Amino acid sequence: MRWLNLVFVVVLPFAPSLLAVAPSGIPRDLAQQRARLISALRYNLRFTLVPHAATTAGNEEVMFELQSAVPLLIDFRAGSVSKLEINGNDVPVREENGHILLPQNALRAGQNHLALQFEAPVAAAGKAITRYEDKDDGSEYIYTLFVPMDASMAFPCFDQPDLKGRFTLRLEMPRNWTAISNARAVGAGRFNGPRRDFAETEPISTYLFAFAAGPFRKVHGIALPDVYVRKSQYERAVEEAPELQRVTRDGMKFLDAYFARRFPFPKYDLVLIPGFAYGGMEHAGASFLREESVLFRTAPTHSDRIERDLLALHELTHQWFGNLTTMRWFDDLWLKEGFAQYMAYRTLGQLKPAEHVWQRFYLSLKPAAYAIDSTLGTTAIYQNIDNLENAKSAYGAIVYAKAPGLLRQLAFIVGDEHFRDGLRIYLGEHPYGNAEWSDLVKAFERASHRSLAQWAEAWIRRRGMPQVDLSWTCNAGRLASLSLSQHNVLNEGGLWPIAMQLLLVYPTESPVRLRAELIRQNADVTDAIGKPCPAYVFGNDEDYAYARFLLDPVSERAVMKELGFVHDLFERTLLWGSLWDSVREAQLAPQQYLTLADRLLPHEQDESLTQSVSAHTVTALHRYVSQGIRTDFGPHFETVALDRMLHAKDQGLRIIWFRNFRSAAETEFGRRGLKQLLANQLPVPGVQLRPLDRWSMVTALLALKDPEAEAVFASERERDHTGDGLKYAYIAEAAKPDRETKRKYFDDYLHDAGRPEDWVDQSLPAFNYWNQSELTEPYLKPALEALPQVKRERKIFFVLAWLEAFIEGQQSAEADEQVHDWLKTQVIDPDLRLKVLEVVDELDRTVKLRQRYP
């Protein structure tokens with residue numbers, strides 16, 4: 001799953017009559033007991049899908065071998081079972097805490113057969129089976145999303161990743177619907193008719209089983225995989241699908257060879273799902289992708305299209321890493337997500353070598369990783385998940401950003417060939433099975449013939465990260481010393497083994513690159529002694545290492561002066577990143593960064609770097625500096641952004657500058673520019689703005705309380721009657737700066753179960769617009785108090801989005817104190833506490849920066 005179930009048989013050490021103590025969720029020890037007892041698992045499922053129905057009727061057979069006859073729990077929550085038959089005998093249905101009792105006297109050692117009739121809920125949000133109503137043509141679509149433990153909301157199952165089963169599926173549905181699942185459709189009705197049967201799957205985990213149904217249309221592009229899209233979006237998909245298919249096809253060829261193992265499933269489809277909760281989900285043989293990530297709602301840049309390639313390659317990689325070989329438990333989530341991220345970039349580098357892939361890798365992943373690892377809410381890569389009901393909290397920057405960063409470090413340490421061979425060993429030893437992080441480390445050790453125990457213990461089991469500092473002296477024009485030191489950024493002690501490439505830069509000579517290792521707290525780089533004295537030194541050339549690298553004082557002064565003359569794109573990107581890290585660490589004034597950006601950014605020609613630096617300037621303006629400083633800098637940034645939007649030579653840069661102008665606009669001049677853009681009086685050359693571009697400007701005008709904002713909003717709502725337009729209007733209205741709007745929306749967030757989750761998710765930043773902190777501050781504590789409900793009812797990434805919107809929407813010391821006081825007095829789940837600590841760190845830094853640089 002790119003930025004994603006389990007059913008557990010519990011061995012009960014007590015008599016069936018004591019089932020009042022059936023556990024909530026799926027605890028680790030009970031899952032381990034079930035995994036030891038159950039094998040040869042098969043599911044034969046049938047669902048009846050009725051348009052507009054609040055439930056779906058299901059019939060199921062579950063076959064498995066049992067090591068010994070003991071009472072078991074099979075998982076099922078949110079629905080109801082009307083009939084249970086075990087080994088041919090009717091058994092009373094006893095449900096508790098999301099489990100159904102399978103009594104000992106009905107089971108036997110060896111083969112067992114369950115037959116169940118059940119109903120499961122179907123809803124627009126909050127359920128494992130989701131209904132989407134297409135407002136454009138009235139069509140209905142139904143799809144499933146089970147990760148991490150929601151398969152048991154749809155049908156009774158043993159919902160844990162290490163109880164893999166083979167699935168057979170039949171869907172009863174309207175004749176004009178198309179259905180897609182993990183396996184190929186078979187039988188006479190596979191193309192049309194009221195019934196679709198699907199062949200039996202390979203062994204897969206419950207969270208990887210899926211289906212989608214509705215009047216989907218298949219896009220007949222240049223190659224496999226097949227792409228399915230709702231019929232109202234077919235024409236748009238015809239234009240965009242060929243490149244998606246091409247990169248997937250070429251990626252499959254590369255990964256087949258790289259892993260030395262052919263694609264592990266009989267077929268592969270891509271299904272575009274509107275309003276999907278994640279960028280994608282890697283169901284075995286059928287990845288679901290968020291429709292908006294493929295069919296762009298904004299004018300796309302070249303970088304946006306590359307991000308789409310990376311999404312496709314990420315989900316494709318999962319077919320090997322995650323689906324063929326699956327983590328045993330969700331504390332090893334990084335085994336699939338980290339590798340899918342890393343291999344997506346590595347694959348793209350082979351398919352499109354001119355794309356500066358590792359620069360993109362750094363910009364997309366490293367800042368997020370370094371940001372969370374600098375907070376008290378961070379965790380180790382290996383996360384101790386005691387119960388799968390807490391598995392949602394394992395998702396975030398640690399597995400999606402830090403883990404791939406460490407894999408790049410590991411490949412640098414062992415070498416690319418040994419890294420590849422280690423992956424081949426790992427996949428070869430666990431096909432259609434489960435593995436743990438120690439299995440992977442052992443595979444790398446065997447391939448590289450070196451011990452990685454110390455590296456793995458430090459980087460996988462310990463939270464946080466080091467800061468690496470460089471100090472150097474020159475004498476008579478030559479380096480007299482160059483030393484490295486490390487310390488834990490959280491001040492929690494411990495050392496990390498780090499390998500890096502140092503960069504020595506000279507005004508007129510070619511740079512010198514040196515490999516260095518830091519295993520202890522300090523190390524001298526003896527290879528540097530005697531080399532010409534450099535203008536500056538940078539410790540993480542080519543971004544091989546994982547650590548915070550701030551520039552030493554001499555190097556920082558030189559870089560601030562010479563950055564505009566650095567021609568190497570990757571080097572320039574890393575130096576900009578180090579300077580921004582210095583801002584966040586309150587070692588460089590935000591005003592200095594803004595001054596540097598004002599001088600250099602208009603001349604930058606790289607899309608990705610322009611986007612990164614311009615986003616940082618907006619963050620500094622809206623969060624880190626005072627009103628007075630924003631007044632000094634803001635109008636000029638608006639003017640520059642507008643000029644570049646109109647006159648940059650590259651179309652992608654013009655789009656980037658349009659987005660920057662939209663984000664920075666605050667003054668009457670900026671708001672007038674937005675209104676001229678909406679009225680087509682200020683066209684961006686060569687760029688056709690799309691509906692979301694327009695609605696984002698409407699949102700900004702409402703949030704900034706422009707005198708004409710209400711009229712602009714009404715005009716745009718009249719102009720756009722599409723389904724997307726209804727959603728975007730809902731999002732925009734959340735930005736209205738009045739108390740009644742905020743009250744209405746907050747109540748809607750918590751009490752309207754029918755509101756699609758993507759509507760709520762995407763409206764949160766508008767509700768908490770950067771200039772409305774006083775208006776939204778009364779909702780800070782209620783938002784914190786709602787966390788248990790949000791965790792229980794929403795999908796994986798929603799909790800983090802909720803916290804980021806409500807906490808990062810504030811800038812004051814009083815709000816910061818309010819969050820910390822709440823943490824001191826409230827008893828909440830440990831995973832939620834960590835999430836709050838993670839997010840409040842940005843507010844802590846905002847307060848610190850404003851106090852230090854008034």
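I take buried to mean under 20% relative accessible area, exposed to mean over 50%, and partly exposed to mean in between, with a 1.4 Å probe and protein chains only. The model is a predicted one, in which local features need pLDDT of at least 70 and side-chain atom pairs count only at pLDDT 80 or more, while totals for chains, interfaces and linings use all residues. Residues are numbered from 1 along each chain as its sequence is written, and side-chain values use heavy atoms, with hydrogens and water left out.

**Entry: salt bridges**

I looked up the salt bridges (a side-chain nitrogen of Lys or Arg within 4 Å of a carboxyl oxygen of Asp or Glu) and found that the structure holds 61 of them. One of them joins Arg-719 to Glu-716, with the closest N and O atoms 3.6 Å apart; Arg-719 counts as exposed at 52% relative accessibility, whereas Glu-716 is buried at 3%. These two residues are three apart in helix 19 and therefore separated by about one helical turn.

I then turned to Glu-708 and Lys-675, whose closest N and O atoms are 3.0 Å apart in a salt bridge. The pair links distant parts of the chain, since Glu-708 lies in the loop between helix 18 (691-703) and helix 19 (709-719) and Lys-675 lies in helix 17 (residues 668-678), 33 residues apart. Glu-708 is partly exposed at 45%, and Lys-675 is buried at 18%.

**Entry: Arg-654**

I found Arg-654 in helix 16 (residues 651-664). Arg-654 is buried yet has no salt bridge, and the nearest side chain of opposite charge (Lys and Arg count as positive, Asp and Glu as negative, His and the chain ends not being counted) is that of Asp-650, 6.9 Å away. I noted that the side chain of Arg-654 reaches the backbone oxygen of Ala-648 at 2.8 Å and the backbone oxygen of Pro-685 at 2.7 Å. With contact taken as heavy atoms within 4.5 Å, and residues up to four places away in sequence not counted, Arg-654 touches several residues, including Arg-644, Leu-646 and Val-684. Arg-644 itself forms a salt bridge with Asp-643, at 3.3 Å between the closest N and O atoms; Arg-644 counts as buried at 19%, and Asp-643 as partly exposed at 35%.

I counted strands as paired if DSSP finds at least two bridges between them. Strand 23 (residues 466-475) and strand 24 (residues 478-488) run antiparallel and are joined by ten bridges, with Asp-469 partnered by Ser-485. The two strands form a hairpin with two residues between them, and Ala-476 in the turn has a positive phi of about 55 degrees. Strand 24 also pairs with strand 27 (residues 522-524) in the antiparallel sense over three bridges, where Ser-483 has Asp-524 as its partner.

**Entry: Pro-431**

I placed Pro-431 in the loop between helix 8 (416-429) and strand 22 (433-435), and its relative accessible area of 33% makes it partly exposed. Pro-431 and Thr-325 are 106 residues apart in sequence and 5.6 Å apart in space, C-alpha to C-alpha.

Key. Helix = DSSP H or I, 4+ residues; strand = E, 2+ residues; numbered from the N terminus. Polar contact = N/O pair within 3.5 Å; in protein donor to acceptor, adjacent residues only side chain to side chain.
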